[in-house]
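Good morning, and thank you for the time.

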Amino acid sequence: MPVQKTTREDILRRCWEVINLHGYNGSSISMLANAAGLGKAGLLHHFGSKEGLMRAVLEFAMEFFRGYVLAVAQEDLPLEQRLEKMLRRQNRLAKIDQRGCFFTNVIMEMGQAGLYNPELLSFYDEWRAVFSNLLAEVMPEPEANDQAYIMLLQYEGSITMYKLSGDEQHLEAFVYRYVNSLKSAQDEYSTTEL
């Protein structure tokens with residue numbers, strides 16, 4: 001039987017799944033190599049160390065999130081539909097194995113050590129900027145910036161409550177609240193000039 005070639009993308013996707021399920025500290029090199037279909041030496045050959053692998057997994061997860069969630073902001077849909085689609089896609093990712101937000105999980109586990117903080121801070125700034133640019137379509141930029149920041153914090157809070165209770169209503173209420181607040185903002189600012 002011919003040996004099946006494993007691509008870098010396959011390795012990163014499988015390692016992301018393991019880390020998302022067990023956390024960074026709970027995922028051994030053996031577990032990660034096994035999931036990737038490699039030996040430990042083969043995995044380390046590709047990434048140098050567990051830390052190097054984690055940096056690659058984070059970048060892979062961020063790139064996936066950019067394409068799956070953040071890119072929706074550029075779609076040719078009405079603003080309200082773009083926002084709702086983005087929020088629902090975020091929720092879909094959070095519901096995988098009821099693990100919540102991968103990035104927040106990494107921050108909660110590793111943030112105090114600061115090992116991946118620069119990459120994660122930069123990514124959260126990018127995420128907030130996408131929301132801010134979206135909201136700036138209907139409200140002044142300073143208010144859009146503030147609302148995007150609050151929205152991101154409330155999203156993470158809704159995920160925390162979802163993980164704690166298992167009740168998807170926390171995620172649904174978040175989507176409902178922000179889609180309706182966008183409608184209100186559109187009504188409020190439609191008569192004023194931005």
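What we have here is a predicted model, in which local features need pLDDT of at least 70 and side-chain atom pairs count only at pLDDT 80 or more, while totals for chains, interfaces and linings use all residues. Residues are numbered from 1 along each chain as its sequence is written, and side-chain values use heavy atoms, with hydrogens and water left out.

First, the fold. The protein has nine helices and zero strands; helices here are DSSP runs of H or I with at least four residues, strands are runs of E with at least two, and both are numbered from the N terminus. Along the principal axes, the C-alpha atoms fill a box of roughly 65 × 35 × 35 Å. Of the 194 residues, 41% count as buried, where buried means under 20% relative accessible area, exposed over 50%, and partly exposed in between, with a 1.4 Å probe and protein chains only. Among the contacts with a separation of 6 or more, 65% join residues 24 or more positions apart; a contact means heavy atoms within 4.5 Å.

Next, the aromatic rings. The structure holds 16 aromatic pairs. Rings of Phe, Tyr and Trp (its six-membered ring) pair if their centres lie within 6.5 Å, and planes under 30 degrees apart count as stacked, over 60 as edge-to-face and the rest as tilted. One of these pairs is formed by F65 and F123, which are edge-to-face at 5.6 Å centre to centre, with 80° between the planes. This pair links distant parts of the chain, with F65 in helix 4 (residues 50-68) and F123 in helix 7 (residues 117-135), 58 residues apart. F65 counts as buried because its relative accessibility is 4%, and F123 likewise because its value is 1%. Another pair, F174 and Y178, is tilted, at 5.1 Å centre to centre and 50° between the planes. Both residues lie in helix 9 (residues 169-189), four residues apart, about one turn of the helix. F174 and Y178 are both buried.

Two rings also carry a charge over the face. The charged end of K50 sits over the ring of Y24, 4.5 Å from its centre, and R89 lies over the face of Y68, at 4.7 Å from the ring centre. The criterion is NZ of Lys or CZ of Arg within 6 Å of the ring centre and within 35 degrees of the ring normal.

L12 belongs to helix 1 (residues 8-22), and its relative accessible area of 6% is why it counts as buried. The C-alpha atoms of L12 and L53, 41 residues apart along the chain, are separated by 8.1 Å.

In helix 6 (residues 102-110), the buried residues are F102, F103, T104, N105, V106 and M110. They pack against helix 1, helix 4, helix 7 and helix 8 (141-165).

R82 is buried, with a relative accessible area of 8%. Not counting residues up to four places away in sequence, R82 touches V72, A73, E75, L77, L134 and E137.
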